[in-house]
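Subject: Handing over the structure

Dear colleague,

I am passing this structure on to you, and I would be grateful if you could look it over alongside the notes in this message. The sequence and the structure come first, and the notes follow.

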Amino acid sequence: MTQPPAIALGVELRVLANAPDESAARVIVDTRIGDYRDLDVLREFAQGCDVITFDHEHVPTEHIEALIAEGHHVQPGAAALVHAQDKAVMRERLSAIGVPCPAWARVSSPADVTAFAEQHGWPVVLKAVRGGYDGRGVWVCRDAAEAEEAFASGAPLMAEAFVPFERELAVMVARSPHGQGVSYPVVETVQQDGICVEVLAPAPGLDAEQSAQAQRIGLTIANELGVTGLLAVELFQTATGLVVNELAMRPHNSGHWTIEGSRTSQFEQHLRAVLDLPLGSPTMTAQVVVMANLLGGDDPDLFKRYEHVLAHDPGIKLHFYGKQVRPGRKIGHVTAVGSNLDEVRARARHAAVHLMTGEYT
C-alpha cells in the first residue's frame with residue numbers, strides 16, 4: 001500500500017522480504033529475499049538505500065544500532081523504535097514523561113503477579129515484553145493459576161492493571177526528522193478476540209477536549225521519543241480519562257482508512273516523514289469513514305462474492321493484501337465514506353461480511 005504514493009512522489013522502493021510470495025514482494029520490483037534477523041543480510045540490503053524504514057517492529061534493536069553506526073539513515077532510529085519493540089521500556093519512558101498509563105510492573109514469576117494483584121486487584125493483564133500482536137502475547141489472568149499458564153510460554157512478561165475501558169481509540173501522528181508534526185483525527189477501533197475488525201473515523205461522540213487531548217498525547221510521545229515517520233497510539237477511553245495502551249511506529253491497521261478517507265494517506269505521510277519532506281494534510285475527505293477488516297473464512301474462493309460487493313455498492317473500496325486465505329487471517333479491508341455513520345457503517349459491514357461468509361447483513 002506504500003507503492004502507489006511512492007510512484008506519485010517519485011520515490012523508488014526496495015523491500016526486504018522473507019519469501020517471494022509475501023505481499024510487498026509481489027508488487028515491488030526491487031525485492032531482496034532474506035532474513036531481517038541476519039545483520040549481514042541487512043547490511044547488504046542497505047547498500048544504496050537513502051533511507052531505511054520498517055513495516056514491523058521485529059528487526060533486532062542491536063542490528064538497527066549497527067546500521068546507524070555504519071552511516072545508514074534509519075527512520076525511526078533504534079532509540080525511538082525500541083519503545084515499540086519492548087513494552088517495559090515503553091512503559092518506563094511514558095510514565096517518566098507524564099503520559100497516562102495503566103499501573104504496571106516487570107514480573108518474573110506467578111508470585112510476582114500475585115503480589116501485583118494484591119496491590120491492584122484481579123484480573124491482571126500479562127504481556128510478552130517483546131513480540132506479540134493481534135491479541136497474541138497477551139493473557140488476562142483472573143487468578144494465580146491462570147498467571148502460571150502464561151509463564152509456560154517462556155516469554156519474559158510484564159504485568160498491567162486491568163483497565164475497565166468504555167471503548168478503544170487510536171490516533172495516528174507523523175513527525176519528520178526536523179520536527180514537523182501532524183495528527184490525524186482520533187478514531188474508534190472495534191476489537192473481537194484481540195483483532196481489530198472495524199475503524200470508525202472520526203471517533204463518534206468523542207468531545208472536542210478529549211479529541212485534542214489524544215492528539216496532544218500522540219504528538220508529545222512522538223517528540224519526546226524522537227519518532228520519525230508514523231506513530232500509532234492505541235488508547236483506552238475510561239470513565240476518568242484516556243490511558244495509553246500500545247504504540248506502533250509504522251503505518252498501522254488503525255490508519256488504513258486514510259487511503260480514501262484523508263487528503264494524505266498514512267502511507268504517503270510515512271514516506272514524506274522519513275524522507276524529511278514537508279508533511280501532507282491529514283484532513284478527512286468525507287464527514288465519516290469506516291474501514292472494516294477482511295478475515296479469511298473456510299472458503300478461499302472469493303470471486304463470486306467479490307463481484308457482488310462491487311456491483312452492490314460501487315462506492316465501496318476493496319483492498320486485498322495478496323495473502324493466502326486462512327480462517328481468521330487478515331486478508332484485506334474495505335472502506336466506505338459518506339455523511340451518515342449508521343449508513344456508512346452498514347455499507348462497510350455488508351461488504352466485509354459478504355466477502356468473508358457469503359451472508360447478507
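What follows describes helix packing, then a cavity and a pocket, and lastly some features of the backbone.

Please keep in mind that this is a predicted model, in which local features need pLDDT of at least 70 and side-chain atom pairs count only at pLDDT 80 or more, whereas totals for chains, interfaces and linings use all residues. Residues are numbered from 1 along each chain as its sequence is written, and side-chain values use heavy atoms, with hydrogens and water left out.

Helix packing

The element names refer to DSSP runs numbered from the N terminus, with helices (H or I) of at least four residues and strands (E) of at least two. For the packing values, axes are lines fitted to C-alpha atoms, for helices over the stretch in contact, and angles between N-to-C directions run from 0 to 180 degrees. Angles under 35 degrees count as roughly parallel, those over 145 as roughly antiparallel, those from 65 to 115 as roughly perpendicular, and the rest as oblique. A crossing is called right-handed if the near helix is turned clockwise from the far one by less than a right angle, and left-handed if anticlockwise. Contact means heavy atoms within 4.5 Å. As for residue classes, Ala, Val, Leu, Ile, Met, Phe, Trp, Tyr, Cys and Pro count as nonpolar, Asp, Glu, Lys and Arg as charged, and the others, Gly among them, as polar.

Helix H2 (residues 39-46) packs with helix H3 (residues 61-69) at an angle of about 40 degrees, their axes being 10 Å apart, which makes H2 oblique to H3. The crossing of these helices, H2 and H3, is right-handed. On the H2 side, Leu-39, Leu-42, Arg-43 and Ala-46 meet His-63, Ala-66 and Leu-67 of H3, and the residues of this contact divide into five nonpolar, one polar and one charged.

H3 also packs with H4, at an angle of about 165 degrees and with the axes 10 Å apart, so that H3 is roughly antiparallel to H4. H3 passes H4 in a right-handed crossing. Here Thr-61, Ile-64, Glu-65 and Ile-68 in H3 meet Ala-78, Leu-81, Val-82 and Gln-85 in H4, a contact whose residues divide into five nonpolar, two polar and one charged.

Helix H6 (residues 110-120) and helix H7 (residues 144-151) pack at an angle of about 135 degrees, with axes 9 Å apart, and H6 and H7 are therefore oblique to each other. The crossing of H6 with H7 is right-handed. Pro-110, Val-113 and Thr-114 in H6 meet Ala-144, Ala-147, Glu-148 and Phe-151 in H7, and the residues of this contact divide into five nonpolar, one polar and one charged.

Cavity and pocket

Both terms rest on a 1 Å grid over the protein atoms alone: a cavity is a set of points where a 1.4 Å probe fits but cannot get out, a pocket is an open set with protein on both sides within 12 Å along at least five of seven lines, and lining residues have an atom within 4 Å of a point. Grid points are joined across faces, edges and corners, and a volume is the space filled by probe spheres set on the points.

The structure holds one cavity of 30 Å³ or more, and the largest cavity has a volume of about 40 Å³. Its lining includes Leu-294, Asp-299, Arg-305 and Leu-355, and strand E13 (288-295) and helix H12 (341-357) each supply at least two of the lining residues.

The second largest pocket has a volume of about 200 Å³, and among the residues that line this pocket are Val-190, Glu-198, Asn-293 and Arg-349. The largest share of the pocket lining, four residues, comes from H12. By class, the lining of this pocket has seven nonpolar, two polar and two charged residues.

Backbone features

A cis peptide bond, with omega about 0 degrees, joins Gln-75 and Pro-76, and Pro-76 lies in the loop between H3 and helix H4 (78-85). Another cis peptide bond joins Ala-201 and Pro-202, with omega about -10 degrees. Asp-193 has a positive phi of about 55 degrees although it is not a glycine, and Asp-193 is found in the loop between E9 and E10.

With best regards
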